Every structure is written in C-alpha cells, then in structure tokens.
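Thanks for coming. Please look at the structure on the screen while I go through a few parts of it.

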Amino acid sequence: MYRRLFYLMLALTGITYAIQACNNSSTSQVAEEEIPDIVSYNFDVRPILSDKCFICHGPDANKREAGLRLDIADEAYKALKEKPSAHALVPFKPQESEVFLRISSQDSAFLMPPQSSNLKLTSHEISIIEKWIKQGAKYERHWAFTPPEKPTIPKVKNKEWVKNEIDYFILQKLERKGLKPNLEADKERLLKRVSLDLTGLPPSLEIMDKFMADKSSNAYEKMVNSLMQSPAYGEKMALHWLDVARYADSHGYQDDNYRSQWPWRDWVIHAFNKNMPYDQFITWQLAGDLMPNATKEQILATGFNRNHKITEEGGVIDEEYRVEYVTDRTNTFGKAMLAATLECAHCHDHKYDPFSQKEYYQVYAFFNNVKEVGLEATVGGPETFAKKPLMEISNEDVKKILAFVNKQDTGRLIVSVMGDRDTLQKTHILNRGVYDAHGEEVQAGTPRALLSFSDKYPKNRLGLSKWLFDKKNPLTSRVFVNRMWQEFFGRGIVKTSGDFGMQGELPSHPELLDWLAVDFMDHGWNVKRLVKQIVLSSTYRQSAEISSKKLRTDPENILLARAPRYRIPAELVRDIVLASSGLLVKKIGGPSVKPYQPAGLWESATSGRGLLANYRQDHGESLYRRGMYTFIKRTVPPPTMGIFDASNRDQCEVKRLKTNTPLQALVMLNDPTILEASRVLAAKLLQENSQAEAKIKKAFRLITCRNPNEKEMNLLTSYYTDQLTVFKQKSTADKVLTVGEYPIPAKINKTALAAMMGVITTIYNLEETITKT
Amino acid sequence: MEKDFLEHGLNYNRRRFLSRLSLGLGSVALGSLLIPDLFTGGMDDASLPPGIPDFAPKAKRVIYLFQNGAPSQLESFDYKPKLREMMGQELPPSIRAGQRLTGMTANQASFPLVGSYYDFKQYGDSRAWISDLFPYTAKVVDDICIIRSMHTEAINHDPALTFFQTGAQQGNRPSMGAWLSYGLGSENKNLPAFTVLLSRGKGNGQGVYSKLWTNGFLDSTHQGVQFSSGEDPVLYLKDPEGLSRFERRKMLDNLAALNDLSYKEFGDPEINAKVQQYEMAYRMQTAVPEITDLSSEPDDIIKLYGSDCLVPGTFAANCLLARKLSENGVRFVQLYHQGWDQHGNLPQEMAGQAKDVDQASAALITDLKQRGLLDETLVIWGGEFGRTNYSQGKLVRDNYGRDHHPRCFSIWMAGGGIKPGMVYGESDEFGYNVIKDPVHVHDFQATVLHQLGLNHEKLTFKHLGRRYRLTDVSGKVVKDILT
C-alpha cells in the first residue's frame with residue numbers, strides 16, 4: 001500500500017515538474033521569459049492596456065477617470081487634464097511618461113491600476129510597456145479591424161511535406177521553433193477522422209475496405225470528394241450552424257411550449273449540401289424576405305432571426321419582450337457574423353472595443369422593424385407553434401420549391417420568419433438597456449471602427465448584408481474561416497472565436513488567417529472549397545501522437561506539430577453508436593424526435609401547461625435518428641446532450657466547451673441507447689457464421705474504425721470467455737438483455753448474446769471510440 | 001496516523017489534480033492551475049479566481065430552499081393590519097407611485113386592497129410576526145433572520161428566477177451554485193459540489209428550467225447535478241439490471257487496460273483523465289445511493305421532518321436529503337418547490353403550499369442545529385419576488401388573488417453566520433414599498449458569497465472579453481445581519 005502511494009506521489013511530482021517545464025513555452029507564456037526586440041502595440045501592449053487599463057481609461061465615456069483615455073494615441077500623448085504639466089505618454093521617454101511612473105510606483109496611493117480595481121500588472125507587463133515607450137509608444141490599429149490583405153506565402157525548408165498553402169504557414173512556425181510535424185496518420189485513423197469531420201458518421205466497413213485497398217496516390221482526395229458528396233455532409237455542417245442560430249423545438253421561457261421551426265433546419269442542411277456560397281447563405285438568412293421577388297425558400301431562410309426564445313407567459317409587458325427579441329438578434333448578428341461583442345454596448349459604451357452605445361442601437365435599428373409583438377399568445381394549439389410574421393408551407397410547396405422540407409403529414413405547417421412593418425419604427429438608444437428608457441433617436445448604421453455604412457446601401461437588412469460582404473469589411477471572412485478552422489482543429493486560429501475584439505486572443509497564425517480569409521472571398525465564398533483545402537492539407541493529415549517533447553514545448557498544440565485529439569460533439573457520440581450498430585435511420589430532416597430519456601425530467605420541471613408538459617417518447621424509426629434531430633426543449637434540454645457539452649440553445653453559441661466528467665462515463669455505461677446498440681450489434685454478429693474472435697474483431701472495427709491489435713484482441717476475447725461463464729452460472733442474461741425496444745431474434749443463445757453485448761459495451765466505452773484521433 | 005495523513009493529503013491532491021485534468025484542456029489548465037495546489041505558495045494571481053478566500057468564511061455550505069412562483073409575503077412574514085382595515089378600498093396612487101404592473105392586472109379597473117385571510121402572531125424572543133400558516137417556522141423563529149425588505153428588478157417569473165440564480169435576467173450566466181463550485185470546489189470527492197432537488201406543490205405552478213442551475217460559461221464540472229430520492233438518484237447512475245458490482249468492476253478494469261494501450265500509443269494525458277472519470281463514476285455509484293437512501297433514518301428524524309419525508313420527490317424528502325448531502329460536503333444544495341403563483345384562490349392554495357414546506361423547512365434548521373452544523377451551513381428560504389397588496393380579480397373575503405410584486409417581499413436566512421432571531425428591513429404600512437434597509441437581489445448574493453469567504457467583486461470569470469461576476473455590476477454585503 002505504502003509503496004503504491006509512494007509511486008503515485010513520485011509520478012505526480014514528475015508530472016508536475018514536466019508541467020512546470022512546459023509552462024514556460026506555451027505561446028501565451030513565451031512572453032513571460034523574453035521581451036521581444038521590437039515591442040508590438042497590437043501583439044504585446046494592447047492586450048495589457050485593454051485588460052488592465054481601458055476599463056477606466058478606454059472607450060466608455062461615462063466611466064472614464066481623470067478624462068484620460070489610453071486607447072487613442074492623440075489622447076494619450078496630450079497633456080493631462082488634472083496635471084497639465086505632465087503627459088500620460090511621452091514617446092521614447094518612460095521616465096517622463098505618467099503611465100510608466102504610475103504603474104511602476106512603490107507608493108500604493110499613486111499606483112495604477114488602483115488597489116480597488118482588483119487588477120495588477122506583473123513586472124513583465126511593466127517592462128513591456130516601458131520598452132514600448134522607449135521605442136516610441138507607437139499605436140497601431142487593432143489587427144481585426146483592418147481589412148485582411150493576402151500575405152505572401154512564407155518560405156520553408158521541408159518543401160516535401162507541404163501539400164497546400166496552409167502547410168507553408170504552419171510549417172514556417174514549426175521550423176522556427178525547431179519542431180517537426182508528425183508523420184501522416186495511418187490510413188484507418190485518418191479515414192475515421194475525416195469521415196467524422198465531413199459527415200459526422202464513422203465510415204462503414206465497405207468504405208474502410210475500399211479505402212485500405214486503394215493504393216493510388218490520390219486515394220485520400222477521392223475519399224474526401226465522396227464524403228463531401230454524401231447528404232450527411234450537410235447534416236454535419238449544419239450542426240455547428242444550429243448552435244450559432246440558437247435553433248430549438250420549443251419557445252423557451254416560462255411554459256416552453258412547442259414550436260415548429262424544423263423546416264428552417266431542413267433548409268440549412270439543404271444549403272450546405274448544395275454548397276451555397278457563404279455570402280448568399282447569410283444574405284438569405286438576414287434578408288431573404290427583402291430580396292426582390294423573394295422566393296419561399298429565401299423567406300424560409302430568414303427563420304434564422306426568429307429562432308430566439310419567445311415568451312408565452314401571461315401578463316408580461318409586451319414591449320419589454322419585443323425589445324428582448326430585437327436585442328437577441330442584434331447580439332447574435334454581432335457574435336455570429338462579426339465575432340464582435342456588440343452586446344457589451346447594450347447598456348453603455350463598450351469598455352474595450354470602439355463601439356459606442358449609439359452604434360449598438362444603430363445596428364439594433366436594422367432588426368427593430370419586424371411585424372411582431374412581445375406576447376402574441378399564451379400557450380395554445382397549433383396556431384401558436386409559430387409566431388407572426390410566419391409563413392405556411394403547403395403540400396404544393398413541398399412538391400415544388402421546398403422539396404427539401406421533409407414534411408411527413410398533410411397538416412398545417414407554419415414557420416416563424418422575418419417580415420418588416422410598412423412604416424419605419426423609430427429606434428431610440430435605450431438608457432442602461434432598459435426597454436422603456438428612451439434616449440436619443442438613431443438611424444440604422446454600423447460601427448464606424450469596422451467599416452462605415454455606405455450611402456449606396458439601403459438602410460435595411462438587405463443593406464446590412466451588403467455591408468457585411470463588402471470586401472473591405474475586416475471581419476466577415478476572417479470570422480467564418482476561423483470558425484471552420486475551429487470545427488476541424490478543435491480550436492480557432494483565433495482561439496476566442498466569438499471575440500475578435502481587443503479582449504479577444506490574438507491569432508496564433510495571423511498571416512494564415514488573412515490568407516484564408518482573402519482566398520475565401522476571392523473564390524466566391526465557396527464553403528466546400530475551403531473545407532477541402534483544410535482537410536487536404538498535410539497539417540490536417542498528421543497523426544495525433546503526442547511525443548513528450550511536443551507535450552512539453554506546445555501543450556496546447558497551438559503550433560500544430562501534431563493533429564489535435566479531442567472528444568467528439570454530443571450528437572456525434574450518438575451517431576457513432578447508432579451507425580456502428582446498424583440501427584441508424586438515415587433520413588434527412590423532418591420534425592425532431594424523442595428518443596429514450598430518463599423518466600420524469602420534463603414532468604418535474606414543467607408548469608403543467610402545453611404540449612410539452614409530458615415527455616412522450618417516440619417508437620420505431622424515430623428512436624434511431626441522428627443526434628441532431630433529438631428534440632430540444634429549451635428549459636429541459638436532452639440530458640445526454642447537455643452532459644456532453646451541447647448548447648442549450650438559449651442564445652447564439654459559436655464554440656462548445658470540451659469537458660470530461662464522471663457523468664459522461666455514466667451515460668456511456670448505462671444509457672439505454674448505448675446498451676441497446678450493443679445488444680443489437682451483438683445479435684447481428686452472433687447470427688453470422690463466424691468464430692467469436694472474428695465477431696469481436698468486426699465489432700471493434702465497426703466502432704473504432706480500425707483493426708484491433710493483438711493485445712486488444714487478447715483482452716477482449718478473454719473478457720468474452722469470462723462473461724460466457726458468468727452468464728451461464730448466474731442466469732442473469734435475460735435481465736441484461738431487456739433494454740431498448742428493438743426486438744431480440746427468436747432463436748438466439750442468450751448467454752452468448754449477453755456476453756457479446758458486454759464486450760461491445762466495453763468497446764463503446766473506450767476513450768478512443770468517441771475521440772477524434 | 002501517518003497513513004491517514006498521507007492518504008488524506010494524497011487524495012486531496014489527486015482529486016484536485018484530476019479535477020483540473022477534467023477541465024478538458026488537459027495540460028493547458030495544468031500548467032497554471034495545478035502547481036499552486038500541489039505546492040502552496042508562489043500562486044500566480046492571474047490564473048486563479050482571485051480573492052479565495054479573502055477572509056475567514058463563516059459558512060462552508062449552502063442549502064437554498066427556493067419557493068418557486070413567489071409566495072406572498074403578506075400571508076407569511078410581513079404583517080400588515082392596515083390592509084385588513086382598508087379591505088376593498090383602492091390602493092392609494094401615492095403608494096403605487098406609477099410602479100409598473102404586469103399585463104395581468106395593468107388593465108384592471110380598480111386595485112382593491114386585501115388583507116391576509118390568515119391571522120398573525122408574535123413568536124420567540126424576537127417577537128417576530130408570523131402567520132398561522134407557518135406554525136413550525138414560528139417555533140424556530142429565534143434561529144432565523146427574516147428580511148422583509150427584499151426587492152428585485154424583474155416582474156415575471158422567468159427573468160426573476162434567472163436574476164436570483166445568476167445575477168442577470170437574461171442570458172446564460174453561471175448559477176450561484178456553479179459560482180461556489182468554481183470558487184471553492186467540492187468537499188467530497190465522490191459527490192458533485194452543486195446539486196439540485198425538485199418538488200412540486202398543488203398550487204398554481206410555474207416551471208423550473210435547467211438554465212437555473214447552469215454552469216453558463218464556466219466549465220461543466222460546475223453544473224448543478226439533479227438528484228432525486230427516487231429509484232435513480234442521479235441520471236444514468238444505476239447499472240443495468242442483472243449486472244453486479246463485481247462484474248462492473250471487472251468491466252472497468254478491462255476498459256482501463258484497453259485505454260492504457262491507447263495511452264501508450266498516443267501519450268495523450270486526456271486518456272488517463274478519462275480513466276479517472278470512470279473511477280469517480282464508479283465511486284459515485286456506491287456513494288450516491290447510500291446518501292439518497294432515507295429509509296435508514298431514525299424515527300425521531302422522520303417525525304421531525306414529517307411522514308412525507310418518506311415519499312420520494314416531496315419537499316420534506318428533499319429537505320432531509322439536502323441535510324444528508326450537505327452533511328457529506330456538497331457545497332450548494334438547491335431545492336425548488338413549485339406551486340407558489342397565487343394569482344387567484346390564494347387563501348386555499350397558499351395553505352396547501354405552506355403545509356408542504358413549513359414543517360420540513362423548520363425541521364431542517366432544528367436538525368442541522370442538533371448536529372452542530374447550523375453554524376457552518378447557510379439556509380435560505382424564499383421566492384423570486386413578492387405579491388401585490390391588492391387583489392387580482394374579484395375580491396371576496398376568503399377568495400382573492402395577488403399579482404407579481406417585485407418592489408418588496410420577504411425571505412429568511414439562517415445559520416452560516418447570519419444573526420439568529422432577527423427581523424431586518426421594513427415595508428410601508430401597505431406592504432408595497434420598502435421604507436427601511438432595502439436589500440437588492442445583488443446585495444443578497446454578495447452577502448451569500450461573503451459568508452462563504454468570497455468577495456463578490458473578486459470572484460470573477462473572464463469570458464468573451466469581460467470579467468463576469470454573480471452580482472453583475474452592483475451589490476453590497478448586508479453587514480447588519482451578520483454575526
């Protein structure tokens with residue numbers, strides 16, 4: 001016992017030292033050890049000022065102390081209001097610059113930031129600012145607010161490794177750091193990775209066999225093409241967009257009754273499969289209803305801006321909620337399209353970024369003209385499943401223009417969409433963001449710091465889309481390519497994919513980001529092309545092995561000297577289980593479904609009103625649809641999804657957390673979905689004419705997408721043998737098999753079935769199974 | 001002795017180590033967070049939630065008995081004889097002072113004042129007035145502090161509940177329990193730091209929402225975990241029928257061996273972290289049912305909480321369960337009892353609701369006290385806002401309703417360094433406006449954090465460019481009610 005503890009302690013200590021060592025070299029820590037030869041305002045100084053100083057000396061006029069702002073050069077160079085003999089910044093002269101004197105002071109009454117702020121500068125940060133002043137205290141525009149320009153492709157030594165432009169940018173940094181990229185991943189693992197990334201599904205045995213047998217030099221590219229042709233591609237791409245668009249199947253708020261917004265989701269899948277260019281994809285969603293001779297499809301796309309929560313609580317103050325909806329749209333626009341935290345200017349001028357409160361309400365004005373009310377109706381029948389303005393999808397539509405809508409019955413189908421009033425509703429600044437505290441009246445417009453709103457554009461949502469896709473808009477393209485990068489590498493080039501502002505993180509590869517952004521615009525906002533560029537790169541194809549050197553030098557894998565390795569999203573956990581067991585029903589779209597869920601969850605949390613007071617589980621096919629079709633009731637989202645970090649769709653989300661908790665282990669061990677899939681796959685394999693070993697091997701391949709090695713086979717087969725004995729002795733097989741509604745074949749050896757089911761559940765529970773490797 | 005010490009220390013560090021690992025960012029978090037835990041000293045200010053603990057905490061744990069739907073203060077803790085005298089007369093405009101009303105009564109032609117159908121009496125050394133609906137609470141009046149001057153900003157359930165729990169009316173911010181889990185961690189390696197228990201009365205109900213116990217932008221290890229005293233106390237906790245613990249253990253050992261092969265190939269520390277999460281899940285499978293099993297409680301305890309406490313899912317059962325969870329180190333136990341939204345039929349419905357909760361709420365105080373735990377456990381009882389002093393709908397002596405009233409309402413707190421036997425704050429004689437010692441929701445939240453040793457201005461989390469805190473941008477600790 002003592003000895004074991006001792007070793008554990010030793011191991012911990014070892015790990016700790018290793019960590020301490022690597023601590024020094026992650027990029028964010030690089031600064032800790034060395035001060036750059038030339039201090040950059042954007043990359044070195046502004047992060048410090050923004051985080052520690054701008055809160056009182058930044059853009060927010062109401063909170064500004066001593067009349068001093070440090071975010072604008074001219075203001076910072078000026079004589080101080082309270083002490084005209086002194087200047088906050090005197091270029092080249094730290095000792096004459098009040099900023100330096102105050103941050104380095106030993107006198108706590110004189111020291112900045114003041115103690116009361118709970119903020120503190122480190123000695124390293126002070127040195128950076130000192131050196132910056134010495135070098136002239138030069139300001140630069142924030143990188144993300146300057147339009148991207150296509151940088152030249154960097155030079156690299158190891159040209160052999162490079163497959164496309166992406167690789168030059170990645171390799172250049174690796175070579176500078178003395179790191180070598182990993183070798184290409186083995187074919188099996190690469191196939192699983194790319195298949196999950198492009199379709200959200202594991203490859204079938206046929207695809208695996210075909211790919212393994214294809215020895216041609218472009219075998220991988222052919223595979224990529226075929227995966228991108230699969231309808232599952234649209235589903236996988238839509239998944240992220242549903243988070244961004246806060247899509248759900250209920251209205252949210254108090255009673256949280258049903259809404260029939262799913263045809264909009266069908267459209268998103270359709271749009272990705274058709275490879276609709278990004279500018280069109282967004283323009284339709286923002287302003288499809290305002291386009292000349294708008295088609296029904298274009299109007300359906302605008303459902304995007306009606307996915308927000310809508311109250312049905314009796315007695316609410318109408319205007320308060322109407323304002324809430326407009327606010328949600330405005331904030332979503334900022335976060336989803338611009339990665340700008342516009343919402344921070346909802347109550348006051350932005351404290352860090354150059355967005356005034358007035359500008360917030362100018363953007364708000366674009367979304368403030370919808371023919372809607374705060375409370376249309378309290379919980380009711382089918383007429384409440386969409387809120388005005390709404391569109392009706394007829395059976396005729398589904399036969400013709402809206403063929404992609406998976407309408408399954410002849411009932412009335414309505415969807416909430418956008419539609420403006422005939423006359424312009426006035427927009428006022430709302431003081432402190434309070435719905436009835438009207439301030440100055442404002443006209444529709446956009447933040448000047450990004451790009452002013454051209455007179456050529458109509459002052460409506462259509463004009464706003466034109467502004468968004470103006471090639472001089474510094475954010476639109478960068479933000480989208482960054483999020484695509486995030487979807488494939490688990491982390492954006494800008495890690496804070498929802499905040500490109502001053503408080504956001506700096507890009508790890510700024511030139512690559514700009515190159516991709518410009519290239520994306522230059523090629524007609526072609527999404528499939530961008531995706532293909534990413535997955536064809538050598539960077540993407542690397543193996544995910546983590547050598548101890550790489551773990552030490554780059555623990556966060558910012559430099560990408562290896563492929564990232566991380567747990568797949570909640571919906572895909574379900575998809576892998578259903579697909580590998582053969583249970584998956586590959587229907588595209590349609591209304592959401594209600595699979596197995598622990599009893600009482602909806603019932604214990606409901607007000608008792610509405611269709612969704614009780615959970616009425618589906619049966620048959622609906623039990624086996626992809627995770628993205630699982631019904632989302634906002635106030636009680638599907639539990640397994642939440643446990644695996646899915647969005648609760650309360651508001652726009654551009655990035656999910658990736659946690660690892662014991663509750664996830666419990667789901668994998670005991671969720672009937674997984675147990676049933678294990679049973680069904682076991683039954684299928686037992687009915688095949690093969691040896692137990694072959695069955696186990698096949699199950700392993702179906703689930704992990706690779707052949708097991710000898711050790712793995714030994715462990716699993718001896719477990720199987722052991723379980724056979726256990727179930728023979730204990731006769732508990734029947735009990736174990738009673739899970740799920742899928743029938744058990746009549747003539748089957750139940751002892752063997754239970755034993756094989758146990759083996760398969762074990763394989764489902766492997767860390768590798770639900771990890772992109 | 002030495003062994004105990006070693007095991008304790010090791011477990012502690014191991015737990016912290018593993019929980020850090022579970023942040024999912026693997027080594028990212030390790031570098032900055034783990035080291036200070038293993039070797040005290042040399043903490044980096046920037047990487048830890050600052051202000052931990054800034055001062056000696058009075059309370060270690062919280063049990064929050066949330067009365068969902070907003071119980072009327074006028075039939076519980078805020079005695080207003082004037083309303084009975086003026087029964088049926090119009091609410092003076094000078095008192096309402098243009099305060100907004102909900103859409104349910106805004107168009108009402110008149111606002112007839114209505115006094116409590118139930119009588120009030122004074123109790124204990126504090127001589128606090130309590131209505132006849134709460135006889136058991138009356139008996140523990142010298143252990144609790146009644147605040148009659150609460151006020152909030154929201155006037156509808158969803159935003160008001162969200163405001164109480166997360167400090168903001170809208171948005172997906174972390175709940176109070178999540179903040180405490182983040183700031184203080186768990187005291188028990190087998191149980192989550194933040195647990196949630198739901199029950200429902202017969203009164204007019206309003207839903208609860210899982211966003212009320214959300215981790216928001218914090219790591220999902222801080223999310224409230226719903227517990228119940230039923231069959232499966234935590235979702236997916238129960239192994240399938242026919243699978244013994246011994247077989248489960250065997251399976252996990254196999255699994256660990258297989259995962260270890262994968263670790264040898266990839267060297268990814270996340271693989272080991274995963275194995276450890278399975279181990280914790282396994283331990284929870286034993287620990288949780290032990291705690292949620294109320295059947296072995298002695299008779300005097302059953303008697304104290306009332307026989308309802310043996311019926312799974314009742315408020316009484318949840319109170320008893322809350323005590324057990326809290327006793328076992330769960331940092332924040334959040335109860336919700338639904339059914340307090342008496343827009344009509346108030347006298348009858350409220351009697352039922354009070355009967356559901358009165359005995360068990362008082363029992364919880366008594367029980368904690370007799371175990372010597374009340375000093376370190378903060379107990380809170382209250383709803384999301386109050387109710388109007390005028391009747392919603394038709395007024396009859398024994399049948400009336402009350403609409404939502406955010407301007408003034410009552411809650412009580414006990415233990416955890418709160419002054420016992422105190423009545424704090426005062427409303428006007430109409431029970432409409434606070435006239436002395438107002439306590440805003442953010443003040444209340446600041447006070448709760450303060451009792452746990454956390455400075456509400458320092459317990460922050462940077463998310464999308466801004467440092468967020470439970471109390472948003474305001475809040476003062478209510479020093480007057482602290483021991």
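B:Phe461 has B:Tyr468, in strand 17 of chain B, as its bridge partner. Keep in mind throughout that this is a predicted model. The bridge belongs to a pairing between strand 16, residues 460-463, and strand 17, residues 466-469, of chain B. The two strands run in the antiparallel sense and pair over four bridges. Together, strand 16 and strand 17 of chain B form a hairpin, with two residues between them. In that turn, B:Leu464 has a positive phi of about 40 degrees. As a general point, side chains in a regular strand alternate between the two faces of the sheet.

Staying in chain B, the next stop is a glycine. Where is B:Gly306 found? It sits in the loop between helix 10 (299-305) and helix 11 (315-327) of chain B. Is B:Gly306 buried or exposed? B:Gly306 is buried, because 23 other C-beta atoms lie within 10 Å, and the cut-off for calling a residue buried is 20 or more. If we leave aside neighbours within four places in sequence, B:Gly306 is in contact with B:Ala316, B:Gln359 and B:Ala360. Take B:Gln359: along the chain, B:Gly306 and B:Gln359 are 53 residues apart, yet their C-alpha atoms are separated by 6.9 Å.

Now chain A. Its secondary structure comes to 32 helices and six strands. Along its principal axes, the C-alpha trace of chain A spans about 95 × 70 × 55 Å. Of the 773 residues in chain A, 54% count as buried. Take the contacts in chain A between residues at least 6 apart in sequence: 69% of them join residues at least 24 apart.

Chain A is divided into domains, among them domain 2 (143-183 + 475-564) and domain 4 (233-472). The C-alpha centres of domain 2 and domain 4 of chain A are 31 Å apart. How many residues of domain 2 of chain A are in contact with domain 4 of chain A? There are 20, and they meet 19 residues of domain 4 of chain A. On the domain 2 side, helix 20 (476-489) and helix 22 (527-536) of chain A each supply at least two residues. Helix 20 of chain A gives the largest share, four residues. By class, that side of domain 2 of chain A has ten nonpolar, seven polar and three charged residues.

Next, the two chains together. In the contact between them, 86 residues of chain A meet 73 residues of chain B. Several helices of chain A give two or more residues to its side, including helix 1 (2-23), helix 16 (318-338) and helix 32 (750-764). The largest share, nine residues, comes from helix 1 of chain A. The chain A side divides into 34 nonpolar, 33 polar and 19 charged residues.

Last, the nonpolar cores. The largest has 318 residues, and those that touch the most other members include A:Ala699, A:Met756, B:Cys145 and B:Trp412. Beyond its neighbours within four places in sequence, A:Ala699 is in contact with A:Leu681, A:Leu685, A:Val759, A:Ile760 and A:Ile763. A second, separate core has 21 residues, including A:Leu49, A:Leu89, A:Trp132 and A:Ile133.

Conventions
Residues are numbered from 1 along each chain as its sequence is written. Chains are lettered from A and ligands numbered from 1 in the order in which they are written. This is a predicted model: local features need pLDDT of at least 70, side-chain atom pairs count only at pLDDT 80 or more; totals for chains, interfaces and linings use all residues. Two residues are in contact if their C-beta atoms, placed from the backbone, lie within 7 Å. Ala, Val, Leu, Ile, Met, Phe, Trp, Tyr, Cys and Pro count as nonpolar, Asp, Glu, Lys and Arg as charged, and the others, Gly among them, as polar. A residue is buried if 20 or more other C-beta atoms lie within 10 Å of its own, exposed if 12 or fewer, and partly exposed in between; C-beta atoms are placed from the backbone. Domain bounds come from an automatic or database domain assignment. Two strands pair if DSSP finds at least two bridges between them. A nonpolar core is a set of buried Ala, Val, Leu, Ile, Met, Phe, Trp, Tyr and Cys residues joined through C-beta atoms within 7 Å.
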